[in-house]
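Please keep the sequence and the model in view while reading.

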Amino acid sequence: MKVSKQQRSDAKKLFKSCFKDGLLDEGKAFEVVKALVEKKPRGYMGIAFHFERLVRLDVANRTATVESAVALDDSQQASIRGKLTTLYGSNLILGFAENKDLIGGMRIKVGSNVFDGSVRGRLSELASSF
Amino acid sequence: MSNVLEEIQAQIAGAKTTVAKENVGIVREIGDGVAKIEGLTDAMLNEMLDFGNGVTGLALNLEETEVGAIILGDYTSIKEGDEVRTTGKLLSVPVGKELLGRVVNSLGQPLDGKGDIPTTATYPVEKIAPGIIKRRSVSQPLQTGIMAVDAMIPIGRGQRELIIGDRSTGKTTIGIDTIISQARANKAAEEAGDKDFRPVYSIYVAVGQKQSNVAQTIAILEKAGALEYTIVVVASASDSATNQYLVPFAGCAMGEWFMDNGMDALIIYDDLSKHAIAYRQVSLVLRRPSGREAFPGDVFYLHSRLLERSARLGEKYGDGSLTALPIIETQMGDVSAYIPTNVISITDGQIYLETDLFYQGIRPAVSVGLSVSRVGSAAQIKAMKQVAGKIKLELAQFRELAAFAQFGSDLDAKTQAQLNRGKRIVEIFKQQQYNPLAVEMQVAILGGVQHGAFDDVDVEKIKDFQTKFQTYLTDRKSDLLATIKAEGKLSDETTEALKAVISEFKESYN
């Protein structure tokens with residue numbers, strides 16, 4: 001969908017207004033969308049589309065995925081959760097997944113940053129060095 | 001055996017596992033050689049991005065929620081949702097003498113089918129130009145071999161001289177003649193074992209040209225024996241706008257290597273008009289705001305940062321130089337258009353080629369009135385200054401008088417003499433393409449003009465007279481030419497010798 005500059009600007013203002021203490025207030029974000037859909041201001045579809053994108057990107061930025069070659073037990077998961085929360089804050093959305101392709105080790109993706117300690121990662125680094 | 005085992009065990013125990021940190025993003029949109037990527041929060045401007053499968057890109061647009069990147073290579077294999085990672089590197093190209101004689105693309109990859117190029121060094125494509133302290137003023141001549149240029153619009157090593165004109169006026173020919181002239185001088189010095197001679201290596205950058213034209217140019221250089229001193233960097237019309245945008249910078253990086261290593265290089269950008277058009281295409285697809293004639297706002301900076309990298313360095317920094325001959329194509333002789341005025345204001349002078357002169361048979365079609373070299377006689381050897389000092393003035397006077405004389409009024413002897421001299425100078429400056437003249441030959445011919453040797457020869461026979469005079473000098477009076485070359489100036493003795501040779505030749509010609 002083509003979103004105009006004005007719609008992007010309006011969506012950005014609405015998005016910024018949903019922040020409280022530097023964190024996105026999900027309840028307020030939901031209210032904003034509800035209000036947009038009910039009141040239908042001019043260009044509301046474009047505003048809603050871009051608003052949704054900004055929320056999606058914000059959520060993606062604070063989403064962490066921990067992939068491991070073998071399933072982690074509860075204590076390991078708690079330890080990782082504690083360390084990541086200390087680094088990235090309490091509103092981090094954390095998920096754990098098993099990925100046998102990693103062969104060994106872990107790969108943690110937080111937002112755009114990837115910390116690859118897996119065997120597969122080291123092998124591909126070795127291969128690319130040749 | 002147990003010692004070895006213990007050592008291995010100690011090494012394994014002491015081994016630390018390292019964690020690699022990467023920054024990744026997801027392709028949101030791909031098309032027209034441009035990708036929009038979400039994520040990549042750590043991407044830096046002009047950073048190389050890895051799209052996987054050997055495809056790389058350059059991050060050009062760092063926006064709030066996404067990164068706009070141009071793709072180097074085949075973008076048809078990239079699709080929405082692909083993962084992209086930053087590399088932390090700037091785009092670099094291979095540099096070095098190993099590239100001489102080869103034809104490469106904008107990434108330095110060979111195109112001539114002669115195998116891989118075993119270079120060891122790489123230089124970044126985008127680099128900050130040398131600062132003020134590192135520079136030295138231009139004082140060494142760069143002989144183009146074209147008499148009209150070397151006599152009246154002399155170019156020095158480290159200068160930027162623009163070649164500007166309409167289509168088919170001989171712009172590329174001036175560039176090629178200059179390359180051939182450097183190659184011939186390099187070869188002559190090598191054969192003579194001249195240790196003091198500084199060879200000039202050439203780089204020919206073809207931007208957006210037809211591949212048939214590039215092939216023809218390469219064939220001409222090869223035939224003239226100039227290709228072994230030349231690097232040809234090509235992004236033809238069928239290459240992506242990204243490659244056409246990058247190729248002058250890649251060529252400049254190759255030239256900078258010579259400059260930084262104390263050598264002299266010449267780079268010809270053919271042509272920057274097509275470069276500006278390619279950059280416009282890239283900017284519009286990246287949705288950058290457009291300005292005059294739909295060019296992006298930083299089109300001036302595009303050419304200024306490229307041409308500022310051509311300089312002459314001080315002795316402390318190696319005394320190397322990079323001379324640039326950018327080419328701009330005008331439409332209907334309009335030098336006041338956007339891109340031509342931009343590049344004219346950046347360069348240290350221009351050689352203006354006119355269509356009218358071309359069709360009158362004056363080739364090279366150099367307009368003496370509009371052409372200028374801001375370095376001037378500082379870039380001429382003393383001998384040339386002695387013989388060519390007044391030529392520009394005489395031609396200017398001739399042009400003024402010629403317009404007056406066409407009304408058919410009676411002319412006094414002095415005016416008639418000026419007209420005669422002017423017509424002969426115009427004839428002498430006509431030169432065959434791909435046939436550059438050595439500087440000592442030019443000095444000898446212009447010395448003849450100065451002493452009136454050509455004044456009593458019919459205008460229609462001037463070219464024949466000149467050709468035979470050149471042959472006479474080469475075959476029978478090569479010692480005079482060698483003296484002019486060695487001394488670099490016309491002493492009284494040499495001047496007398498030249499006059500004697502001219503008289504001798506004239507007798508045999510008649």
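The sections below treat the model, then chain A, then a sheet in chain B.

## Basis of the model

This is a predicted model, in which local features need pLDDT of at least 70 and side-chain atom pairs count only at pLDDT 80 or more, while totals for chains, interfaces and linings use all residues. Residues are numbered from 1 along each chain as its sequence is written, and chains are lettered from A and ligands numbered from 1 in the order in which they are written.

## Chain A

Chain A contains five helices and six strands (DSSP runs numbered from the N terminus, with helices being H or I of at least four residues and strands E of at least two). Its radius of gyration, taken over C-alpha atoms, is 20 Å, well over the 14 Å of the globule rule for 130 residues, so chain A is more spread out than a compact globule; the rule is 2.2 Å times the number of residues to the power 0.38.

Chain A is divided into domain 1 (5-60) and domain 2 (63-129), with bounds from an automatic or database domain assignment. The C-alpha centres of these two domains of chain A lie 31 Å apart.

## A sheet in chain B

Eight strands of chain B form an open, mixed sheet in the order β8-β12-β11-β13-β14-β10-β15-β16; strands pair if DSSP finds at least two bridges between them. Strands β8 (103-104) and β16 (372-373) of chain B stand at the edges with a single partner each, so one side of each is left without a neighbour in the sheet.

Within the sheet, β11 (residues 200-207) and β13 (residues 264-270) of chain B are parallel partners over seven bridges. Ser202(B) stands opposite Leu266(B) in β13(B).
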